Amino acid sequence: MTAIPMEVTMSKGAERVASPWHEGELELQRSIGVVDQMDVVGRRVLRPFLLEQHREFFPLLPFIAIGAVDPEGLPWATIRAGQPGFLRSPDALTLEIETARDWSDPAERGMEQGDPIALVGVDLITRRRNRLNGTIKRESDRCFEVTVAQSFGNCPRYVQSRNFEFVRDPAVSTSTQAIISDALNDEARRLIANADTFFVASYADRGEQKRQVDVSHRGGRSGFVHIDADGALTVPDFNGNLFFNTLGNFVINPRAGLLFIDHETGGLLQVSGKVEIILDSPEIAGFEGAERIWRVFPEKVVWRRDVLPLRWTFAEDGFSPDSLITGTWTEAEQRMEAARGARTWRRLNVDKVVVESETIKSIHLSPADGKVLIPHKAGQHLPIRIADQDSFVRRSFTISSAPSEEFYRLSVKRDGKGSQLLHNLQPGDEIEALAPGGGFFIDPMERRRPAVLLSAGIGITPMLSMMQHVVSVGARTGYRRPLWLFRSSRTASERAFDHEIADLVDRGEGSVRQVRVLSAPDVQVRGKYDAVGRIDVDLLKAHLPFGDYDFYLCGPPAFMQSLHAGLRALQINDERIHAEAFGPSALRRDKANSETEKRPGRAPAREVTKVVFTLSAKEASWTPESGTLLELAEQSGLSPSYSCRAGSCGECRAKVVRGEVSYLFEPSYPVEEREALICCSVPSEVGDLQIDV
């Protein structure tokens, strides 16, 4: 069947009936388009009782984390410990906790008869964890019960594995004096700076319903909680189960209670304060694995030494694999620093050269300064310059490695001067590069449409990065965006990366499919490929199920132009067709029936026009014979950044300070208001122009 688009919009039907989620949770679920999906999940997994396996689980634990709210409305996270068996479930609606009151604990005043409470049990050996919230029933100072309102399991991600031992009878309380302040002292800062785990309490008042309290576990690499200059704590929020219990509570009630445990001494650090959720910032982009961040501004800090009878030791290979693939603040700061210098040339070392086929080599590059790379988006290119005698040759090549790698890989076919210079490089050589750029990249978390990657020849390079990224993110998040790869090569000897692609198909666990095409197979390989000839609409019809897709094209100009025309003939919107191309041969798009209108613009200037390059403090006179603004800048002795010279990559974009530009043809790269692509624009009829070049 042909791939005819079916518009998919998020239904609000799931919200027309009583949702299992409150409005704060729904707001964050809406922000990533998963309301319908999570409505089904919520109705299945949020239960008003304890499953039998949960009733069997809690009595095995030596501690339980608790979330409570004191009479002043401050949330607190705390912990209670006891020999396994101090937690019991006499029936599916009740959990009993045998523990004496501790008035040095600020959470204790929120643990009275009828108070709402939250619990999370975590087995640090198996990483299993289960949560519940409910109401306290207290008849004694030695124990209390929790009547279950909501119970559900949690995945084991980001839980570090530790072994425990008791250093004293848990029934024997210590007389440790609590140290109370409104800011973090040096001891508290040291604990947080090394922490790989903490617990967080939050709550929301749900209209006429009772208060709902939540307590949750957070984990990452050591030091993943950053202490800011203003004393606030910044926490990266990694991909989770999309419940958004904690952050959803923050949306309604921006307050948090944090608990940090000193596993070696039994000390507890409790912090209660206001919260700010940040959905877009350079820190999020720089911190590997972060999807958002949140900050806590401490208002009340309580430090209690040696309060726990438990001690923990880190297990062998104790870090969660999910924690290890997240970043650190040091790496994030280096990436942000590198990003600030994105428009300056940076020296890169050639670490390795790999022969991929008889025509293709891969060059592995790392920063000569030893700092981190600016991460690229999967599919983007790298502008480079290579010394050639007394001058430099500037080119752009697609990065074929994943954004998560600590190196750039350029996989290049020997074809032209720039690629020949790359093919001659050896380990130990150096080149220079600007920051990765271009508008051709994939979103691995797009949930509405699968992606279809269409490549010919060396056009496989951006697809490799895209596939690696989608598969890697899928393994980390649990959401695997479906991918189809249609890949053609002329002969088997020219074909590279077959083993790498086969491995990605296997790692995709059914979400990645490939169709292998040879245009000129020899006798030895006939029958070993899925199709002979070329990739066209008929081939897509033969393999793709009916549905709506995003298409990604990269290959020779005729290949892309033909496929673009074929897809448009099927009434596929132009916005669903993404293409990578460099040079004058860039794809020319048919905008008819497109979802977006043609860019409004003025006619180009016809007379001599003054152009001021403000960053360079240079002035030039443009005439129709001068060509584009990029060509005018080069004629004026400037070397502005560029790659495609065809309006498709965005590398040459510059801020328009005064005046307006006119485009010689419609660029495919989206440009912000008051920006211009100087490779394909000229001054407009409005008059003089000032531009940041």
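# Briefing: cavities, helices and overall fold

The model is a predicted one, and the values below are computed from it. The chain carries 15 helices and 36 strands, and its radius of gyration of 30 Å is close to the 26 Å that the globule rule gives for 693 residues, so the chain is as compact as a globular protein of that length.

**The largest cavity**

- The largest cavity is lined by 25 residues, and those closest to its centre are Arg 218, Asp 237, Phe 238, Gly 240 and Asn 241.
- Two or more lining residues come from each of β6 (129-137), β11 (211-219), β13, α6 and β16 (290-304), and among the contributors β11 gives the most, with four residues.
- Sorted by class, the lining of the largest cavity is made up of nine nonpolar, nine polar and seven charged residues.

**The second largest cavity**

- About 80 Å³ of space lies in the second largest cavity, whose lining divides into six nonpolar residues, four polar residues and one charged residue.
- The residues that line the second largest cavity are Phe 63, Leu 124, Val 159, Gln 160, Arg 162, Thr 197, Phe 199, His 217, Ile 261, His 263 and Trp 312.

**Helix α6 and Asn 249**

- Helix α6 spans residues 245-252 and includes Asn 249, and α6 is also one of the elements that give two or more residues to the lining of the largest cavity.
- Asn 249 has a relative accessible area of 1%, and because the cut-off for a buried residue is under 20%, Asn 249 counts as buried.
- Leaving aside residues up to four places away in sequence, Asn 249 is in contact with His 22, Ser 202, Tyr 203, Ala 204, Gln 212, Asp 214, Phe 244 and Pro 254.

- An α-helix has 3.6 residues a turn, so residues three or four places apart point the same way.
- In helix α2 (residues 23-31), the buried residues are Gly 24, Glu 25, Leu 26, Leu 28 and Gln 29, and the helix is followed by Gly 33, which has a positive phi near 75 degrees.

**An exposed loop position**

- Gly 428 sits in the loop that runs between α10 (417-423) and β23 (430-433), and because exposed means over 50% relative accessible area, its relative accessibility of 61% places Gly 428 among exposed residues.
- From C-alpha to C-alpha, Gly 428 and Glu 316 are 37 Å apart in space, while in sequence they are 112 residues apart.

**The chain as a whole**

- Taken along the principal axes, the C-alpha atoms of the chain fill a box of roughly 90 × 60 × 55 Å.
- Buried residues account for 55% of the 693 residues in the chain.
- Of the contacts between residues at least 6 apart in sequence, 69% join residues at least 24 apart.

Conventions: Residues numbered from 1 in each chain as written. Predicted model: local features only at pLDDT ≥ 70, side-chain atom pairs only at ≥ 80, totals over all residues. Heavy atoms only, no water. Buried < 20%, exposed > 50% of the residue type's maximum accessible area, 1.4 Å probe, protein only. Contact = heavy atoms within 4.5 Å. 1 Å grid on protein atoms, 1.4 Å probe; cavity = no way out; pocket = protein on both sides within 12 Å on 5 of 7 lines; lining within 4 Å. Nonpolar A, V, L, I, M, F, W, Y, C, P; charged D, E, K, R; others polar. Points joined across faces, edges and corners; volume = space filled by probe spheres on them. Rg over C-alpha atoms; globule rule 2.2 N^0.38 Å.
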